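My plan is to look things up one at a time and write down what I find.

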Amino acid sequence: MQRSTRRRQRSHTGRNWMIGIFVAIVVVIIGVVVGRNLSYKNSLKAVDPDSHKKVQIEVQQGATADQVAGELQKAGAIKDAGNFTKYISDNNLADFKAGYFVVGKNMTAKQVATKLNGVGSDTPLLTTSKNALLIREGESIDQIGTSLAKHSKYTKAEFLALMKDTSFVSQLAKQYPELLNSSMSSTGVRYHLEGYLFPAVYDTKKPKSLKALVEQMVVATNQRVQPYLAQFQEENLTVQQAMTLASLAQKEANTPADMAKVAGVFFNRDKANMPMQSDVSVQYALQQHKPNLSLDDLKVDSPYNLYANTGYGPGPFNNPGLAAIKAVAQPTDESEGYLYFVANMKTGKIHYSKTLDEQNAYTAKYQDDNSKQK
């Protein structure tokens, strides 16, 4: 009897010991899983949320997700290449486009991946060279002149004088007639090369003269526009009109998708013989940037004022990038009949409307958000 009791005690003790080990293993496994999940989520956060530092990434044609992730980690744009690769694979964000991209160390993995799924630049966007001139997408000739004076031996006055040099501009038109002829035939144009100085980085020291430097910019635009000339013709657009619309889309939208949709709205407005009604045009007419335009501003006497005038006006309002040029060649949602759009400047989302009542409702809805962003 006593022996049997001891056996049962040993049996219970052994069973408890096994249960204890099992529980401990489960706890360890749960701890590992939770720890890995926390580590994974943390690796997708910004490298430095408070940093304003930008880094440039070049995505090579045909580069794998692992290669791109490795370059991003090496540049300090993401925390962990392996987890980044897993994230983009799980979320179908591995469709990277070739080109140069600029990302910030304050961007999350999702934001970085979304950026790399957009349109890249085929020329570098950042440089530390003192003689490197960066023309950003949407900059005007006046703004380029200001930057040029800081990154070259040329003054802004010299640059603007060259922009007004009819002999020089006419010579460029003879060399690149498909690109510039329609600009030269337009009347009331402030600068015939506005819209044709391609946004990129230029070495201001290498060209032998300011004329040679400007020609590089025009050549860069000519190369990007050539593939879309046939589409512009199908749309009954001169190159000057196409670049004008591209300059509007460049400023009115932030993403390639919205640029194409905004271009569709402008096409619809033109077909309806409505003015484009873009603040971008009024600011260019005023020759100053005003966050809030008055009713008097909207009446400014200028052919560039597309509130007061129908059509495309004399020409571009800035120098658009490739995504904006492509948006005009391949607009979207024209058939939806959208005639208006307004952006929520807090979120960046653009809302499209078919009627003025819808437009007014969206405008009122986001009035507070938009006033705080200006």
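**Entry 1: salt bridges**

I started with lysine 86, which counts as partly exposed because its relative accessibility is 43%. I use buried for under 20% relative accessible area, exposed for over 50%, and partly exposed for in between (1.4 Å probe, protein chains only). The model is predicted, so I note that local features need pLDDT of at least 70, that side-chain atom pairs count only at pLDDT 80 or more, and that totals for chains, interfaces and linings use all residues. Residues are numbered from 1 along each chain as its sequence is written, and side-chain values use heavy atoms, with hydrogens and water left out.

What does the side chain of lysine 86 meet in a salt bridge? I found aspartate 90, at 2.7 Å, N to O. A salt bridge here is a side-chain nitrogen of Lys or Arg within 4 Å of a carboxyl oxygen of Asp or Glu. Side chains of opposite charge can pair when their charged atoms come close. Both residues lie in helix H3 (residues 81-90), four residues apart, about one turn of the helix. Helices (H or I, at least four residues) and strands (E, at least two) are DSSP runs, numbered from the N terminus. Aspartate 90 is partly exposed too, at 48% relative accessibility.

Next I looked up aspartate 142 and lysine 156, whose side chains meet in a salt bridge of 3.1 Å, N to O. This pair links distant parts of the chain: aspartate 142 is in helix H5 (residues 141-150), lysine 156 in helix H6 (residues 156-163), and they are 14 residues apart. Aspartate 142 is partly exposed, at 37%. Lysine 156 is partly exposed, at 24%.

Then I checked lysine 271 and glutamate 334, which form a salt bridge of 2.8 Å, N to O. Lysine 271 is in helix H12 (residues 256-271) and glutamate 334 is in the loop between helix H14 (322-329) and strand S5 (340-343), so the pair ties together parts that are 63 residues apart in sequence. Lysine 271 is exposed, at 61%, whereas glutamate 334 is partly exposed, at 26%. A search of the whole structure gave me six salt bridges.

**Entry 2: the cores**

I moved on to the largest nonpolar core, which has 70 residues. Such a core is a set of buried Ala, Val, Leu, Ile, Met, Phe, Trp, Tyr and Cys residues joined through side-chain atoms within 4.5 Å. Which residues touch the most other members? They are Phe159, Leu193, Leu197, Val214 and Phe232. I listed the contacts (heavy atoms within 4.5 Å) of leucine 193, leaving aside its neighbours within four places in sequence. Among them are Ile141, Met163, Phe168, Val214 and Val218.

Helix H9 (residues 210-225) has 16 residues. From its first C-alpha to its last, H9 reaches 23 Å, close to the 22 Å expected at 1.5 Å a residue. The expected span is 1.5 Å times one less than the number of residues. Among the buried residues of H9 I noted Leu210, Val214, Met217 and Arg224.

Tyrosine 228 sits in the loop between H9 and helix H10 (229-234). Is tyrosine 228 buried or exposed? It is buried, at 12%. Beyond its neighbours within four places in sequence, tyrosine 228 contacts Leu322, Ile325, Lys326, Ala329 and Gln330. Tyrosine 228 and isoleucine 325 are 97 residues apart in sequence, but 8.3 Å apart in space, C-alpha to C-alpha.

**Entry 3: positive phi**

Most residues other than glycine have a negative phi. I found asparagine 236 with phi near 60°. Asparagine 236 is in the loop between H10 and helix H11 (239-252), and it is exposed, at 70%. Aspartate 333 has a positive phi of about 65°. Aspartate 333 lies in the loop between H14 and S5 and is partly exposed, at 31%.

**Entry 4: strands and totals**

Strand S2 (residues 99-104) has six of its six residues buried. Strand S1 (residues 54-59) and S2 pair in the antiparallel sense over six bridges; pairing takes at least two DSSP bridges between the strands. Lysine 54 has glycine 104 in S2 as its bridge partner.

Of its 374 residues, 44% are buried.
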